[in-house]
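Open the model in a viewer and keep the selection tool at hand.

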Amino acid sequence: MKRLTVLLLLLYGCGQGMLPSPPRFARVVGDEDGGRLEVHWYSLEGAEEYEFLGLDPKPHLLYTGMDTSVRVAERFPKYILLAHAPSDIKESDTLEVEPLKGRFELYSFGSGFHSAACVNPGDSTEPLFKCDPEDEGYRNNLIFVLDSIYFISPSERGDLFGSARSLFARSGSSSAPKPPEGYSTRYGVRQGDTVAVWLDGGIEGRLDESDNFALVVIDSVYGGDWSRDSVRVWVEIRYQRVARLRWF
């Protein structure tokens, strides 16, 4: 009897145009060249229309219709999805594309101090941090290593730092250049430069969904006598958590 009552309630709810749950995102990436945000969501039974909105913090309607995916070039720190039924509206969780941010000081490798930048998006307290590139526990977290007066890819010295591939290109402040043109495995640090880092984690040399981007703003460089023990840089790092997306 209890099971029959539940079934009747479900049928009655559907007949009144109610949605069974909030909409849920299925896949969020940058598009093929990383210049637009590509969002896919699960089809929701009973939905007659979806709305995809950017928040800044007021909502801006970017898409309306019955498709279950959208590509947008309009940049907002957050997005939401609404599903509409005749008698119901439900809202998704907030989709955040604001990059993770960190600011710290690095010494050149060989100085005995931290010389690498690392990322751990799953750590809500310190997602970006300085680290020891020779520590094998960080090899999957490395963004770059400061080697003398260069940012270098860990793969340049794979015997010491592992196989993570990072490539660098001079950049503006709002997006990374489209790979692979202009990228190299090392970058000479200069105060005031803004550097894009392509974390090439998938097929080598190809932009795919295993890749992420970071942006490094070089606030200050101190050379001292330009020995390894004296070279220091102060950086701000922004890490785009959405795979393949080149926005900052």
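Select Leu128, Ile143, Phe144, Phe151, Val216 and Ile237: among the 23 residues of the largest nonpolar core, these touch the most other members. A nonpolar core is a set of buried Ala, Val, Leu, Ile, Met, Phe, Trp, Tyr and Cys residues joined through side-chain atoms within 4.5 Å; buried means under 20% relative accessible area with a 1.4 Å probe, protein chains only.

Next, colour strand 9 (100–107), strand 10 (116–119), strand 12 (142–147), strand 16 (194–199), strand 17 (212–222) and strand 18 (232–240), each of which supplies at least two residues of this core. Strand 18 gives the largest share, four residues. Strands are DSSP runs of E, at least two residues, and helices are runs of H or I, at least four, numbered from the N terminus.

The model is predicted: local features need pLDDT of at least 70 and side-chain atom pairs 80 or more, while totals for chains, interfaces and linings use all residues. Residues are numbered from 1 along each chain as its sequence is written, and side-chain values use heavy atoms, without hydrogens or water.

Now centre on Ile237. Beyond its neighbours within four places in sequence, Ile237 has contacts (heavy atoms within 4.5 Å) that include Leu100, Phe104, Ala117 and Leu215.

Then select Val70, Ala85, Val97 and Trp247, which are among the 21 residues of another core, apart from the largest one.

Finally, zoom out. The protein has two helices and 18 strands. Its C-alpha trace spans about 80 × 40 × 30 Å along the principal axes. Of its 248 residues, 46% count as buried.

Methods: Buried means under 20% relative accessible area, exposed over 50%, partly exposed in between (1.4 Å probe, protein chains only).
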